[in-house]
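Open the model in your viewer and keep the selection panel at hand. Each stop below says what to select and what is there.

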Amino acid sequence: KTAAIVGCPFSGGQPKAGVDEGPIRIVEAGIIPQLEDLGWKVKFDGHHEFENISASLTSDPPIGKLKNPRLVSQVTEAVAKAVGAHAQNGELPVTIGGDHSLAMGTISGTLSHYPNACVVWVDAHADINTVETTDSGNIHGMPVSFLLGIGSKVPEFSWVKPLLKPDSIVYIGLRDVDAGEKQILREHNIKAFSMHEVDRYGIGKVVEMALDHVNPKRDRPIHLSFDVDALDPSVAPSTGTPVRGGLTFREGHYICEAVYETGLLVALDLMEVNPSLKDPVDVEQTVAVGCSLLRSALGETLL
Ligand SMILES: N[C@](CCCC[B-](O)(O)O)(CCN1CCCCC1)C(=O)O
Ligand SMILES: [Mn+2]
Ligand SMILES: [Mn+2]
Ligand SMILES: [Mn+2]
């Protein structure tokens, strides 16, 4: 089996510098030989250069509240093509961000090849704000709304097709959901297991219920999109939007292990590692946790 590393040094979906360094640090930390040691054939033809895109953009003024809209749209479209091509080649795309706006591209790519794929979204946040509901205008808080095709259309994002259905995504780890997002989740009956459910049922039962919701016959390909800020900040401190009361190290890893165990994983995202926000020790820890989560999602077991 081949894993194709899609290194995406991209920060345009949010305001903090440094998240574009995430993939570089994770590759430097040795994720490629680590995955090879798990038996994967690893394909990596260098990190994506988005220079040509940003160079071709003479200006990129906000559209309404949306920041860097043209940059985000063009970068995520390129990512959709890259991920789609790897899937077409029978490879498993492993996208390393970079901010979570990239998931607009990765999931579009996955759904273009696996139309019946379901999405497991692990995050403190729902990332489902629309043009109408966003307060920050940071597009890393909006990818799911674009993928679902909800909210008013933005011509610059016309390449994004509404390939994702509300019953095909399930969230784990939510604890910082904006009012507008809560309304959207309710209106569209989108299944979400917040930290309250994790506390109440335990992670094992939560993952089982989450998969039962989107993949009851365990016959649908799975796209796992993991935002490291789903983990408690004590576990993954160096990330742009940390929120207390998150998943433990083990809970985060259990999700990855359980998804791998289904044998249905077809695409993986590891997002929002920003190696420039904390002291070297905390950065090192966050990078190491990112690598560890990737290994667990790709077959590393404890026994
Ligand atoms: N919902 C937020 C955060 C999005 C995080 C994106 B992710 O998950 O990829 O990291 C927060 C909006 N707002 C911030 C100030 C306080 C009120 C909520 C937004 O900016 O839309
Ligand atoms: Mn996110
Ligand atoms: Mn988040
Ligand atoms: Mn974040």
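**Stop 1: ligand 1**

Select ligand 1 and His140: an oxygen atom of the ligand is 3.3 Å from a polar backbone atom of His140. That is a polar contact, a pair of N or O atoms within 3.5 Å; within protein, one must be able to donate a hydrogen and the other to accept it, and residues adjacent in sequence count only if both atoms are side-chain atoms. Taken alone, ligand 1 exposes 520 Å², and the protein buries 74% of that. Accessible areas come from the Shrake-Rupley method with a 1.4 Å probe; for residues, only the protein chains shown count as cover.

Before moving on, note the ground rules. This is a predicted model: local features need pLDDT of at least 70, side-chain atom pairs count only at pLDDT 80 or more, and totals for chains, interfaces and linings use all residues. Residues are numbered from 1 along each chain as its sequence is written, chains are lettered from A and ligands numbered from 1 in the order in which they are written, and side-chain values use heavy atoms, with hydrogens and water left out.

An N or O atom in its side chain is 2.7 Å from an oxygen atom of ligand 1. A polar side-chain atom of Asp178 lies 2.8 Å from a nitrogen atom of ligand 1.

**Stop 2: the manganese ions**

Select ligand 3, a manganese ion. Which protein atoms are its donors? They are Asp123 (OD), His125 (ND1), Asp227 (OD), Asp229 (OD) and Asp229 (OD), lying 2.1 to 2.5 Å from the ion. Donors are N, O and S atoms within 2.8 Å of the metal (3.2 Å for Na, K and Ca); water is not among the atoms, so sites may look incomplete. Along the chain, the donors follow the spacing D-x1-H-x101-D-x1-D. The pair Asp123 and Asp229 links distant parts of the chain, 106 residues apart. Asp123 is in the loop between strand S4 (118-122) and helix H6 (143-148). Asp229 is in the loop between strand S7 (222-227) and helix H10 (249-261). Helices (H or I, at least four residues) and strands (E, at least two) are DSSP runs, numbered from the N terminus.

Are Asp123 and Asp229 buried or exposed? Asp123 counts as buried at 0% relative accessibility, and Asp229 counts as buried at 1%. Buried means under 20% relative accessible area, exposed over 50%, partly exposed in between (1.4 Å probe, protein chains only).

Show ligand 2, also a manganese ion. Asp123 bridges ligand 3 and ligand 2, which lie 3.3 Å apart.

Then show the manganese ion that is ligand 4. Asp229 (OD) and Thr241 (OG1) coordinate this ion at 2.4 to 2.6 Å. Asp229 and Thr241 are 12 residues apart, both in the loop between S7 and H10. Thr241 is partly exposed, with a relative accessible area of 28%. Ligand 4 and ligand 2 are separated by 5.2 Å.

**Stop 3: Ser238**

Stay in the loop between S7 and H10, and pick Ser238. A polar atom of its side chain lies 2.5 Å from the backbone oxygen of Asn274. Ser238 is buried, at 0% relative accessible area.

**Stop 4: backbone angles**

Most residues other than glycine have a negative phi, and most peptide bonds are trans. Select Asp127: its phi is near 50 degrees, a positive value. Asp127 lies in the loop between S4 and H6 and is buried, at 4%. Asn189 also has a positive phi, near 50 degrees. Asn189 sits in the loop between helix H7 (179-187) and strand S6 (191-194). Asn189 is exposed, at 63%.

Next, select Gly97 and Gly98. The peptide bond from Gly97 to Gly98 is cis, with omega near 5 degrees. Gly98 is in the loop between strand S3 (92-96) and helix H5 (103-113).

**Stop 5: cysteines**

Select the cysteine sulfurs. How many disulfides does the structure hold? Zero (a disulfide is a pair of cysteine sulfur atoms within 2.5 Å). For Cys118, the nearest cysteine sulfur is that of Cys256, 15 Å away. Cys118 is buried, at 0%. The sulfur of Cys291 is 12 Å from the closest cysteine sulfur, in Cys256, too far for a bond. Cys291 is buried too, at 2%.
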